[in-house]
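Good morning, and thank you for making time on the agenda.

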Amino acid sequence: IWEAMERKEVYGTSGPRILLWFDLLNAPGGSPAPMGSEVTISETPIFQVRAVGSFEQNPGCPDDAADALTPEQRERLCRGECYHPSDRRRPITRIEVVRIRPQRGANEAIEGLVEDPWKVIECPGDPAGCQVAFTDESFQSAGRDALYYVRAIEAPSLAVGANPLGCSYDESGRCVEVNPCFGRPDDDECLAETEERAWSSPIFVNQAAASR
């Protein structure tokens, strides 16, 4: 784990245990370069993303938690809800790609250099996961370095505190009324729909012509 962190071959999630791989397929040397890599190439980069959604959770706690903790301890620690995965995975609905091109100098405007998202690739919603590939056809002609990272977006699900203000929105998307979690009854779990996600470390791709 420490070696992976030193290589920056790591990713984060919004909480659920989503699986994510992000690789540059045509890296020098013939082997794919994983997330966190820095490479120098002169050809069009070809990337591949693989993502698998997290397991849907069963209610309550599994037997091992029930054997280790009393009901009172489970209620005090986690309100009686533990990590209790089923055999069903949530589908990944799309992959978002972010491209960032570093400034060539301190005086270069940053507008347009951070593209978030740069690409959005729809997934079929298969619980087995989503695998997509993409390229940056403008990389060679741009003659400049770039970095890329990806986000894998899960299908909407309910989460505690996803909308802590409990906003009601008007047609323009403005919050016109609030019902905050802290003002609700104790048995209100403050659930709201959200799109959980995982995001990768970047792959830093240096333009060979720019390096020269």
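First, the conventions. This is a predicted model, in which local features need pLDDT of at least 70 and side-chain atom pairs count only at pLDDT 80 or more, while totals for chains, interfaces and linings use all residues. Residues are numbered from 1 along each chain as its sequence is written, and side-chain values use heavy atoms, with hydrogens and water left out.

Let me turn to the sheet. Helices (H or I, at least four residues) and strands (E, at least two) are DSSP runs, numbered from the N terminus. Two strands are said to pair if DSSP finds at least two bridges between them. Here we have an open sheet of 4 strands, in the order S3-S2-S5-S10, with antiparallel pairing. Strand S3 (33-34) and strand S10 (130-135) are at the edges with a single partner strand each, so one side of each has no neighbour in the sheet.

Going through the pairs in order, strand S2, residues 19-24, joins S3 in the antiparallel sense over 2 bridges; there, Ala33 of S3 is the bridge partner of Leu24. S2 also pairs with S5, again antiparallel, over 6 bridges, and Trp21 stands opposite Arg50 in S5. Finally, S5 and S10 run antiparallel and are joined by 6 bridges, with Cys130 in S10 as the bridge partner of Ala51.

Now to the chain start. Ile1 lies in the segment before helix H1 (2-6) and counts as exposed because its relative accessibility is 84%. Together with Trp2 and Met5, Ile1 makes a nonpolar surface patch of about 460 Å². Patches consist of residues with over 30% relative accessible area and no salt bridge, joining like charges within 9 Å and nonpolar side chains (Val, Leu, Ile, Met, Phe, Trp, Tyr) within 5 Å. A salt bridge is a side-chain nitrogen of Lys or Arg within 4 Å of a carboxyl oxygen of Asp or Glu. Accessible areas come from the Shrake-Rupley method with a 1.4 Å probe.

Glu6, in helix H1, is also exposed, at 66% relative accessibility.

Conventions. Buried means under 20% relative accessible area, exposed over 50%, partly exposed in between (1.4 Å probe, protein chains only).
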